[in-house]
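Please look over the sequence and the model shown here before reading the report. The notes are meant to be read alongside them.

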Amino acid sequence: MIGIGSRTDHLEKLLGDPWDAGNPAGFAAAVAADEREETAAAAEVALDDFGLHAEFVPTALGGRLDRVDHMVELMRSVYRRDPALGLGRSGQLLAAVNVWTAGSPGQRAAAAALLLDNRRIACAFHELAHGNDIAANTFAARHVDGGLRLSGRKESIANLDRADALVVLARTGENDGPRSRSQLFLTADRLDPARVRHLPRFRSVGMRGVRLGGMEVDGLDVPAGALLGAEGSGVDTAARAFQVTRMALPAMTTALLDTALRVTLHHTRRRKLYGREAAAIPVVRTVLAETFADLLVCEALSRAATRALQLRPESGSVHAPAVKYLVAGVLTEALERLSTVMGSEFYRRDGEHAVFQKLARDVKPVAFGHIARAACLSALLPQLPGLLRRSAREPVPAPDSLFGGEAVLPALDLPALRLASGGRDCLAASLGTVLDDELPAAVRPLAEEHVRAFAALAGAGASLRPRQLAIDAEVPVRRLAARYTVALAAAACLGVHRTAADGGFLAGPHWLAAALTRLSALERPSGAQLPAGAEDALIAELTDRDDRGLSFGLDARPYL
């Protein structure tokens, strides 16, 4: 199999220069297609030529998925050009991970064959009446004559009208509760048009190119062999499988901020205000530097979490909601701040920077798509006391391979993912070990602040009782879960710095000081200023990467 670096470079070349107005897969084409509520046809063809869906198929089934972090980095090349294009394609992963987790050998082979042939599998889980509470879904699969009869509605399904197969969550038991829900894997030829009616397409403000539809099913008979995994295991399968997607998809969307930051930098470096470059105005410099730091924070946490899926899979139930909660929130806020710097260019739907207004809309669903940020905190809360007690009692350095640019990981084992961590979290446990002699003096006070904050959080969490951790938890209790995600991000940033190659930007103290300051600002309404020297260092690195056509994330990959 061709290495991830070569594959990413090849994909970049297929998609071409995004700034070239004549490129049918560039920014201009993406904006024009967005006006039609589509994605650019030439970009879709390029992804098919590349065989993108093979990135979602495990290597054991003939695909190229051996590492989640590599898949994320490659998909950032797609999201950097058009987030709707990226979401429309990575939506295959939402369905497929359930098949890889619980499917029979035949089901896995069938799903793999579809994806390797550039075809699509849709995920039909959510019902609008129940939101993120998939255990309350009413779409039914009743036993009849040795098979199953399906009835009900499923809404907000991406690419339903182009799907060659569906993964459906249905109620198979009479009682309420998760054990009465099952998953089914259905090929499109099972969807008898006399029994399945497609609902009108949903129109959206952001991600307009993603085709959202629904279906109403009335007495569709399917064989019992369509069950995906054991009957009654549907919610458990989703809870394990979605540990992958709830961290991978937000991690991919950091590329959206990469492009928004690049567009803003282009605009402000070329625009003259008060006799100088707009980029040189102090308030503009601060926003650019802080946004760059925000991007690095998001990618540091995402890298550590996606690698932990393979190194420490027991922590997936913690890291998945943490990544979704923190990354989605930081991205949304960062786009909002950049829009104030863009000024009137922010809302233009034509011209060189028209892609910015599309990005500002496309970022909104990141906070609630797949699972809402509020639901992420609800998923963390029941695990919080055990996590805090164990991490405070048994501080242990995190493995270097969670953070460094190069790392060897064990094979991805989706069936081994657990529903709860048992109090184990390698990232949180590492915070008690970060204040070593290698830590730069300029960073030490900031690191000490985060270590103290985590100790205070552990103290507050020790008194929590089970009744306080339910879905109706009080706001102060939910804030404890939010503070835990900040601690994880701080630990990830410290780990990236510790393992960075000598002499490189990430080995220097300035980005880390900025990252830890930005994380502290999440808990302070008044915010916090970047330390002296950090802003200059970040702006210098940002402009240098822009001039050399490198991405703004941790890997600083060639943009083309």
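The report covers a pocket, the aromatic pairs and the charges placed over rings.

## Basis of the values

This is a predicted model, in which local features need pLDDT of at least 70 and side-chain atom pairs count only at pLDDT 80 or more, while totals for chains, interfaces and linings use all residues. Residues are numbered from 1 along each chain as its sequence is written, and side-chain values use heavy atoms, with hydrogens and water left out.

## The second largest pocket

The second largest pocket holds about 750 Å³ of space, and A239, R246, I371, A375 and A379 are the closest to its centre among the 25 residues that line it. On a 1 Å grid over the protein atoms alone, a pocket is an open set of points where a 1.4 Å probe fits, with protein on both sides within 12 Å along at least five of seven lines, and lining residues have an atom within 4 Å of a point. The volume is the space filled by probe spheres set on the points, which are joined across faces, edges and corners.

Helix 7 (234-252), helix 10 (316-342) and helix 12 (373-380) each supply at least two lining residues, and helix 7 gives the most, with 7 residues. Helices here are DSSP runs (H or I, at least four residues), numbered from the N terminus. By class, the lining has 17 nonpolar, 5 polar and 3 charged residues, where Ala, Val, Leu, Ile, Met, Phe, Trp, Tyr, Cys and Pro count as nonpolar, Asp, Glu, Lys and Arg as charged, and the others, Gly among them, as polar.

## Aromatic pairs

The model has 7 aromatic pairs, a pair being two rings of Phe, Tyr or Trp (its six-membered ring) with centres within 6.5 Å, called stacked for planes under 30 degrees apart, edge-to-face over 60 and tilted for the rest. The rings of W19 and F27 are edge-to-face, because their planes stand at 85 degrees, with the centres 5.2 Å apart. W19 is partly exposed at 24% relative accessibility, whereas F27 is buried at 4% (buried is under 20%, exposed over 50%, partly exposed in between, with a 1.4 Å probe and protein chains only).

F346 and F356 also form an edge-to-face pair, with ring centres 6.1 Å apart and planes at 85 degrees. F346 lies in the loop between helix 10 and helix 11 (355-362), and F356 lies in helix 11, 10 residues apart. F346 is partly exposed at 29%, while F356 is buried at 0%. Elsewhere, F292, F505 and F552 make up one aromatic cluster.

## Charges over rings

The charged end of R64 sits over the ring of F50, 5.0 Å from its centre, and that of R373 sits over the ring of Y325, 4.0 Å from its centre. This applies where NZ of Lys or CZ of Arg is within 6 Å of the ring centre and within 35 degrees of the ring normal.
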